[in-house]
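Open the structure in your viewer and keep the selection tool ready. The tour goes stop by stop.

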Amino acid sequence: GLERGAKNQFSTFSNFITTINQKKEGIGNRNSPTQLVIPNIKNVRDLPPICLDVRQKQRISIDTLPQELKAPIPSEPSLPIRTKTVKDFQDDVEKAKSSGDWKAVHDFYSTTFDSFLEINAAFKKDTNSPFNTIEDSGINAKFVNVVYDALLNTPQDVQKSVLKGIINGLLQEWKGPRTKDDLRAYCILLQNPQFSNTSTYVIYAHLLRQIAALTEADHHFLVHWSKKISQKRFKQLVDRLLQFISLRLFPAKPEEFPPMVKCTWWIPSATKVLALFNAANSLISPPIISYTDFYNSTLDHIDLMEEYHNWQCYGNSHRFSFCQYPFIISIAAKKVIIQRDSEQQMISIARQSLVDKVSRRQKPDMNMLFLNVKVRRTHLVSDSLDELARKRADLKKKLKVTFVGEAGLDMGGLTKEWFLLLIRQIFHPDYGMFTYHKDSHCHWFSSFKCDNYSEFRLVGALMGLAVYNSITLDIRFPPCCYKKLLSPPIVPCDHNTLVGICDVTLDDLFQIMPELAHGLSELLSYEGNVEEDFYSTFQVFQEEFGVIKSYNLKPNGDKIPVTNQNRKEYVQLYVDFLLNKSIYKQFAAFYYGFHSVCASYALLLLRPEEVEILVCGSPELDMSALQRSTQYEGYQKTDLTIRYFWDVVLGFSLDLQKKLLHFATGSDRVPVGGMADLNFKISKSETSTNWLPVAHTCFNQLCLPPYKNKKELKQKLIIGISNAEGFGLE
């Protein structure tokens, strides 16, 4: 960024803007002279939205805009002739550094950034070509990068001249639609590294406002051009926008910015421009940067429920809410929204139950405020199914579990044990509901037909209850499952509407059945005669209870051969059959079970990957964070045994660390809130040091004997965590 000492030089920009505004009285500017005002631009709130409201069921693809949105291309004005090359510019910079004479460099910067035409003259690859397609922006990216990389190392008067030129460009009066040269200029100006400095935020804000106010057809071009930016530059642009939003919300020096009441459009404009980069990122597979790089953790500290309620009440109207742009809200913040929304629903349901009791003049009972599940260990699945079916109206109350014949009170431990035992039993291969695929280490729905799919509904309800009651489950579903679970995110009113059906690809099949997916991939790339060599038709076969059954992928599929021409269709139909059609009834029951508990507009804020993290936790381990948050019983954190323990654990491989976490908590994943949310405890075991460590997974508790040395502790710990299945160990 710019030197702190330069702040005073940039503080004169308000005066500079005032002077320009006074000279442009003919434009009709009647606003405050201390603000940069863009003539003939409608208030940003009156413009069509960049990002459709997430509550709309039908989303328009950014690739396929309707013809009426594609505005006619205005004629491009002739550009000045500028012949300076990258090498010429680099030579000028080197000469200036050695001689101290920056005039040539100063002239280049002040001329280039004086107007949108000059920006195009300098950075357009060919000034005689229109570059009117989404495939090629026509920008000489290398030249832009070199000029911007050198800018921050030039004298302050050079940097100041660039900002003055940008102001001139933003102040010009626009007539008619923007040209593609204008869009190119916006694309180039957004990459200016000077906008990382807070002293330039007034100018940056007005640039963002103009870009946010462009038509949807213009945004279409910017999105596709942005996806060609290098990963490093793309990440810098996103980080700059996130920083702008954060510092406007919580300024380190409030006096640096205009009062919030006078610039309420700053944050909406920046968020809408950020939505363009998010759209560009989504068009690439794999994406340019991770979706988590768009999170703004600063939003974790604002009143999220107010944002959520504004969004619920006003949707995509003139009232701005961050919930209109859920990509910017972190998974931790979304969890808070879901939990508070759940709590409010719990309180509402419990209050209604209480009112009903009182109105019937019946004595209120505290148990009516909870979802009380009573089960026998010997009939765990059937009892759970009966209880949840019978108490469907109470599913949104706080869960409490009782094991029949046992005196334990549920303070959270019994609930977690119920989930652990039930999930373990339902997902056992002998139970037949799910198939475990060793190659992908995940479960998938069995395609076997049956008379009653209520047990699949139970599994869906279990997942919903886990999210609702903040329990992390040890479930291994592929990402495709969570994509289907949000298709659609709100249960349709029409029960004839298909649910759990989504677009699936060969990549989705790779995550479940990699061997089969590889075979289909080979079929697509086969160079010989597919029809003669494979002798396949649009008919597939599945074994069900020892009987081979055939299914046509399309009408009369058994009579249609697979050829070089139709093999793509065959593969797509086969993948769709495996992941959608063959398991439709099973997954529909699972879908309705989940949404019977988790029906909430808050689900509209979530990506499929985020639903998975809420259900199963995050796979990213930070054992140092676990060490900092661990509680002790019978030990002090300075005791020798504890120091040995953490020396050993921090030196473990990732695989052994996961085994330890699974041994102690029942899952090798971390809750959304991080390691601190595990409430991990190490207790002193007053047993012989010949004994192995013992874990109480219901309480995330590890019982550790006081081993005499580090070698013995490491040996016993590895034996314990590596043999915790099938040997009667807890």
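Is Tyr-204 buried or exposed? Select Tyr-204: at 0% relative accessibility, this residue counts as buried. (Buried means under 20% relative accessible area, exposed over 50%, partly exposed in between, with a 1.4 Å probe and protein chains only.)

Some ground rules. This is a predicted model, in which local features need pLDDT of at least 70 and side-chain atom pairs count only at pLDDT 80 or more, while totals for chains, interfaces and linings use all residues. Residues are numbered from 1 along each chain as its sequence is written, and side-chain values use heavy atoms, without hydrogens and water.

**Aromatic pairs**

The whole structure holds 46 aromatic pairs. Rings of Phe, Tyr and Trp (its six-membered ring) pair if their centres lie within 6.5 Å; planes under 30 degrees apart are stacked, over 60 edge-to-face, the rest tilted.

Tyr-204 is in helix H9 (residues 201–212) and Phe-244 in helix H11 (residues 231–249), so the pair ties together parts 40 residues apart in sequence. (Helices, H or I of at least four residues, and strands, E of at least two, are DSSP runs numbered from the N terminus.) Phe-244 is buried too, with a relative accessible area of 0%.

Next, select Phe-477 and Phe-590. This pair is edge-to-face, 5.7 Å centre to centre with 75° between the planes. Phe-477 lies in the loop between helix H17 (454–468) and helix H18 (479–485), and Phe-590 in helix H23 (residues 584–598), so parts 113 residues apart in sequence are tied together. Both residues are buried. They belong to one aromatic cluster, whose members include Trp-444, Tyr-453 and Phe-587.

**Charges over rings**

Here NZ of Lys or CZ of Arg must be within 6 Å of the ring centre and within 35 degrees of the ring normal. Select Arg-248: its charged end sits over the ring of Trp-266, 5.4 Å from the centre. Then go to Arg-607, which lies over the face of Tyr-291 at 4.3 Å from the ring centre.

**Last stop: Cys-698**

An unreviewed UniProt entry annotates Cys-698 as "active site". Such positions are given in the numbering used here, with shortened feature names, and annotations may be inferred rather than shown by experiment. Cys-698 is in the loop between strand S9 (694–696) and strand S10 (701–704). At 19% relative accessibility, Cys-698 counts as buried. Show its contacts (heavy atoms within 4.5 Å): leaving out residues up to four places away in sequence, Cys-698 touches Gly-413, Lys-416 and Glu-417.
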